[in-house]
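Trainee: I would like to examine this structure with you, step by step. May we look at it together?

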Amino acid sequence: MFPPKFRAKQIYNWIYQQHVDNFDEMANIPKTLRKELAEHFDISPLNIVNKELSSDGSIKYLFGLHDGHTVEAVLLKMKDAVYDEKGELLHHAKYTVCVSSQVGCKVGCAFCLTAKGGFVRNLTPGEIVGQVLEIKKDQEIASNRRVNIVYMGMGEPLDNLDNLAKSIRIFGNENGLSISPKRQTVSTSGISTKIEKLGKMELGVQLAISLHAVDDALRETLIPMNKAYNIASIIDAVRNFPVNTRKRVMFEYLVIKDVNDDIESAKKLIKLLQGIKAKVNLIYFNPYPGTDFKRPEPEQMKRFQDYLLRKGVLCTIRESKGLDISAACGQLREKELQRSEV
Ligand code: SAH
Ligand code: SF4
């Protein structure tokens with residue numbers, strides 16, 4: 001016989017509100033059910049293997065999974081807590097957690113360190129949600145403090161669509177972490193058919209497209225998958241994607257020195273985005289040993305941004321949060337792997 005439905009609510013409460021990581025501590029759950037749960041499930045499927053603190057307050061985590069693989073997640077402090085002169089709290093700190101969706105990645109982008117290790121496996125919904133839960137516990141962030149989620153860690157989230165959808169719903173559950181889909185952003189390298197699929201699921205999640213190039217020939221050299229899903233197909237999928245009326249689709253543009261940082265590209269980008277409620281986020285390429293790509297000069301970055309702004313396109317430059325802690329995706333894991341090989 002199935003236990004009554006309210007047990008699920010109670011268990012959610014224990015895990016996500018009380019931060020309990022052992023079924024035995026769930027006092028209002030019958031002993032037999034606790035035992036059964038413990039036999040089949042693991043509340044903390046992740047353990048912290050490494051942690052690096054950046055000068056700007058962001059913290060990069062390397063998590064170990066039950067099969068020995070590792071994935072990264074980053075806690076980004078978007079705003080500090082504000083206190084008045086009497087020491088009373090005026091505003092809580094604002095956090096965003098960047099989560100991984102796979103161990104490795106199949107897409108194979110030329111600039112991405114995660115791609116170098118190939119694809120290993122999908123993360124389960126528990127392993128995706130667990131990253132946020134473990135970080136909240138580790139940082140003692142009050143259970144009722146909501147954080148934002150960006151699926152911008154390791155892996156291509158749309159390549160793991162079913163588990164992604166489950167994690168979006170679990171994050172959003174009001175008995176759990178209560179992170180509404182509006183506060184969750186899925187970043188994709190542009191699998192057009194899957195963008196359409198995600199849109200049809202009507203989850204209410206935000207969308208970010210890793211565009212990085214404005215013509216197909218260049219994009220193919222950076223993201224080989226562009227041969228199958230070209231820029232036009234991505235733009236079409238974005239146009240069909242249900243977007244919250246107050247929100248914009250984010251277009252991420254990784255700026256690589258002398259590759260895609262010219263004003264001609266900025267011009268083409270504006271044309272491409274015509275009629276879309278878009279926001280462009282420029283990202284500095286973060287170099288790592290063995291890559292020929294280079295980080296652009298801040299002046300060139302600014303020139304690119306100014307051009308877009310002058311033409312009325314919303315455009316921000318991503319602060320290089322955590323640059324001093326091997327920030328870009330895959331870089332902490334790579335370091336750890338090298339260390340373990342020594
Ligand atoms: N696979 C998804 C989400 C994870 S990648 C996607 O590609 O959108 C998350 C972001 O990390 C992407 O926007 C990607 O461009 C960026 N990234 C990868 N390698 C980087 C590097 N070396 N420097 C800076 N950003 C990088
Ligand atoms: Fe995969 Fe994203 Fe890295 Fe490309 S940038 S290899 S899609 S994780």
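Predicted model: local features only at pLDDT ≥ 70, side-chain atom pairs only at ≥ 80, totals over all residues.

Trainee: Which residues are closest to ligand 1, and how many residues surround ligand 1?

Mentor: The closest residues are Gly 155, Ser 187, Ser 210, His 212 and Asn 286. They belong to a shell that divides into 10 nonpolar, 9 polar and 2 charged residues. The number of residues surrounding ligand 1 is 21.

Trainee: Which residue has a side-chain N or O atom 2.6 Å from an oxygen atom of ligand 1?

Mentor: Let us consider the polar contacts, for which the cut-off is 3.5 Å. A nitrogen atom of ligand 1 lies 2.9 Å from a polar backbone atom of Gly 155, so that contact does not involve a side chain of the protein. An oxygen atom of ligand 1 lies 3.2 Å from a side-chain N or O atom of Glu 252. The distance of 2.6 Å belongs to the side chain of Ser 210.

Trainee: What percentage of the area that ligand 1 exposes when taken alone does the protein bury?

Mentor: Taken alone, ligand 1 exposes 540 Å². Of that area, the protein buries 93%.

Trainee: Which strands are the edge strands of the open sheet?

Mentor: The sheet has 10 strands with mixed pairing, in the order E1-E2-E3-E6-E9-E10-E11-E12-E13-E14. An edge strand pairs on one side only. The edge strands are therefore E1 (47-53) and E14 (315-317).

Trainee: Which residue in E12 stands opposite Ala 208?

Mentor: Strand E11 (residues 206-210) pairs with E12 in the parallel sense over 3 bridges. Opposite Ala 208 stands Met 250.

Technical notes
Residues numbered from 1 in each chain as written. Chains lettered and ligands numbered in written order. Heavy atoms only, no water. Near = heavy atom within 4 Å. Polar contact = N/O pair within 3.5 Å; in protein donor to acceptor, adjacent residues only side chain to side chain. Areas by Shrake-Rupley, 256 points an atom, 1.4 Å probe, with all protein chains shown as cover. Nonpolar A, V, L, I, M, F, W, Y, C, P; charged D, E, K, R; others polar. Pairing = 2+ DSSP bridges. Helix = DSSP H or I, 4+ residues; strand = E, 2+ residues; numbered from the N terminus.
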